[in-house]
Amino acid sequence: MIGPSGKNYAICLLPHLAVSDNHTPHAPQPSQSRDPNRLLSSLAQRGPALDLSTLDLCFLAALYLRAERAALTSFSEEQLADVFEQVEGVLPAGAEPRAANKRRATPAIRRLREQRMIARVDGAGIVRAGEYALTRLANGIIEFFLEDDTLTRESLTVLTRSLLLGLGEILAAANAAVCEEDWRMGVIGPLRITMGDLANGIERRQCGFDLQQEEFQREIAALLHADWFGAVARCQELLESTSTTLSELNQILLRDTHQLQSLLQDVQERAVASGIAEAEAAARAVVDQVDRIAAWGAARQRAWSEYYQYVHRYLRDVVRLDPARTLTHRLREHLAGKAGRAYALSITSAAPIRLLREVEVPPGEKPPVRRPRKQREQALADAPPENAQSKLEARVRGALAGGAGALGAVTETVIAEVPEEERFVTTGRVAHAVARLGNPHAAAEREWVAMRDGLMIEEWTMRATQAQTGQEEKETP
Amino acid sequence: MSSPLDNGSNARFSRLEDVILDETYPEVDLALRRGRHIDRDDIAWYAFLVDAADHLEPLYRRFGCELIHRTDGYFYLLPTSDALGRRHLSSSEMLVGQTLTLLYLEPSTVEQGGTVTREQVLGHLAGVLGADSLMRAMSPKRRRYDERVAQEAVRNKVAESLRRLATLGFVEIDQDERVRLRPSLMRFAEPVRGTKAPEAALARLVAEGEFVLAEEDAEEGEPEDAQAADAVGVGPDEATDDETPEEAS
């Protein structure tokens, strides 16, 4: 469908409209069956989806308009094909890709039937060609696009008065009801259907009014774009008209919703007194709807008031003071670096006050418990250097001085004091020390002698040193 | 500076003592001293200032400041000496501020009720300056740069500038991250406003202390920017080169 701004409209998904169950979706239902989670999961299981192209929407709109003008309740297959061809002819080139001009009505009708936009209503099956009608879903969609269904003072007054009258009758019926059937026919049914539909009508028109407001905002911007200073009067006109309408609507809502709530309260109390839970639930559902309607008025007035003030300020401070848009031009030039020198704004920048103070534990409060810190590094202590070689040499020297006359004897003496795992190494070092300190005699054929722990060494005998020889000579007469 | 105050300014406060004893005074005073601009959207503060301006003007003059009330409907303190401390907006803050002013003047902003998105700000800035010029303007001392890093740096600088301008009351950032433009943005357009030649207007404003020419404070740094630069892998020296605020206290 081609919108007023030349845009193509296409619907992709409108799940709530695709629900086709036995009751009106908006009609108040008992709370158990209106559980949102259950409803949503049920809807998701059914997997509803809509995919309507501009051509489809135009086709539906053409059917809707023809039915309205010719008072038709259904269309024959020939009529459907005829309307489709007309729509194809009217549609501008490029608005809808035509598949090499091969598009025919049949696939379009099939697609719309699959999406529950058109329903066959004759029930004749294959006996003869079918009769088709637009479904409620299709009517709703087309009404949205075609009809100017917005809330006005007149429409709101009519709707709220109808609601008041209807509720007055329902209250009378509730007071007069003596059996369950009376409640069902006189109270529950009208509350769900008549009152629900009337309240839905108001809510639908409220949505229409919201759309209209958005359109106004776009229009104001477009007017200013097109004719900057010349648009001021028209913008103010639009602002004033919307503000007046909104204010009137809000006054009606404030006045009438109060009366509606009061009547509904009476019906609810009567239902509670009579123990008719279904009637009470139906009344409560309408109360909720009326609450929503009243809240809408307050919210929209508040939002519009902000917008109204902003636009008035804009018109006064920006548009009127700069009728030729010189300021914008100059600022843009400056920002782009094409004019003037760069500058920077000066502002005050007082430093925050700093209070220096000692950190003190407040009196009466114990300091927090903390674990004492461990010394991770051990302190170093002075220690004498250890020289294993000199110790060994001292022992060898001691053994030699003690009279050990052969390497085996010296080795045996020294390794006796050494741990078992060091004996092999020590044995070699002892031999080295003996060779250096003593005066060993190694014969060509040396005897092997056994030491501790299975060690065996070649035996060296010790020659007498000069000192020993001299001493012996002295001792010998 | 003109001070278009209401005639009934003395009705609420007869003496300076009454003004100071008013419960609104401390927070308004602190906000003004920190460079905040107060407009009609700050309903209570603005009403207080309108009522108390006659008493506050001489008070602030003693601190080396002028309490200015613009016809666009906002108050601010203009430092005329260094007694209270002053600073100048950085080049990135000025660029973003001027772009926001352009958006404030745009009719398309009217449709949105005076709010814009960050993307719109960046788009407008890039549209007016050009993407390359914008990247160089935001990092003028950088000799070579990677395009992706530079773009990210621009985004970060714009976001940071928006945050700072919001603290100064030029804009308001709402919960949906939309930027609400406030009338005090018109301060950025003062030199090009009016019928006089912009150069003459700028010279007058510089003489009044409203503005400084960019070269005057080119050597000053901005410590906070080092952090922002770090976030995008730029050295602090490199990042602070192009910033020109002043902490003159």
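Reader: How many residues of chain B are in contact with how many residues of chain A?

Author: In this predicted model, 49 residues of chain B are in contact with 34 residues of chain A. Several elements of chain B each supply at least two residues of the side that touches chain A: the strands β3 (74–79), β4 and β8, and the helices α5 (91–105), α6 (107–111), α7 (118–129) and α10 (198–208).

Reader: Which element of chain B gives the most to that side?

Author: α5(B) does, with six residues.

Reader: Before going on, what do the scores of the model say?

Author: The model scores ipTM 0.79 and pTM 0.60. For chain B, the mean pLDDT is 81, and 79% of the residues reach 70 or more.

Reader: Where in chain B is the pLDDT below 50?

Author: The general idea comes before the case. Where pLDDT is low, the predicted coordinates should not be read in detail. In chain B, residues 216–249 have a pLDDT below 50, and this stretch has 68 contacts in the model beyond near neighbours in sequence. Residues 1–10 of chain B also stay under 50, and the model has 17 contacts for them beyond four places in sequence.

Reader: How many bridges join β4 of chain A to β4(B)?

Author: Three bridges join β4 (residues 343–348) of chain A to β4(B), and the two run antiparallel. In one of these pairings, A:Thr348 has B:Arg86 of β4(B) as its bridge partner.

Reader: What is the order of strands in the sheet of chain A that holds β1?

Author: This open sheet has three strands in the order β1-β3-β2, paired antiparallel. β1 and β2 (118–120) of chain A are at the edges with a single partner strand each, so each has one side without a neighbour in the sheet. Three bridges link β2(A) and β3(A). In β3(A), A:Ala133 is the bridge partner of A:Ala119.

Reader: Now a helix. Which residues of α3(A) are buried?

Author: First its length: helix α3 (residues 77–90) of chain A has 14 residues and reaches 20 Å from its first C-alpha to its last, close to the 20 Å expected at 1.5 Å a residue. The buried residues are A:Leu80, A:Val83, A:Phe84 and A:Val87. They cover an arc of only 100° around the axis, which puts them on the same side of α3(A). On the other side, A:Glu78, A:Glu85 and A:Gly89 are exposed.

Reader: What covers the buried residues of α3(A)?

Author: The cover includes α2 (54–70), β1 (75–76), α4 (105–114) and β3 (131–134) of chain A.

Reader: Which residues are buried in α5 of chain A?

Author: In helix α5 (residues 136–146) of chain A, they are A:Leu137, A:Ala138, A:Ile141 and A:Ile142. Seen down the axis of α5(A), the buried residues fall within an arc of 125°, so they line one face of the helix. Their cover includes α2, β2 and β3 of chain A.

Reader: Last, a loop residue. Is A:Ala442 buried or exposed, and why?

Author: A:Ala442 is exposed, because 12 other C-beta atoms lie within 10 Å, and a residue counts as exposed at 12 or fewer. A:Ala442 lies in the loop between β5 (440–441) and β6 (448–450) of chain A. The C-alpha atoms of A:Ala442 and A:Arg463 are separated by 9.9 Å, and the two residues are 21 residues apart along the chain.

How values were computed: Residues are numbered from 1 along each chain as its sequence is written. Chains are lettered from A and ligands numbered from 1 in the order in which they are written. This is a predicted model: local features need pLDDT of at least 70, side-chain atom pairs count only at pLDDT 80 or more; totals for chains, interfaces and linings use all residues. Helices (H or I, at least four residues) and strands (E, at least two) are DSSP runs, numbered from the N terminus. The expected span of a helix is 1.5 Å times one less than its number of residues. A residue is buried if 20 or more other C-beta atoms lie within 10 Å of its own, exposed if 12 or fewer, and partly exposed in between; C-beta atoms are placed from the backbone. The arc is that of the directions from the helix axis to the C-beta atoms. Two residues are in contact if their C-beta atoms, placed from the backbone, lie within 7 Å. pLDDT is the predictor's confidence in each residue, from 0 to 100. Two strands pair if DSSP finds at least two bridges between them.
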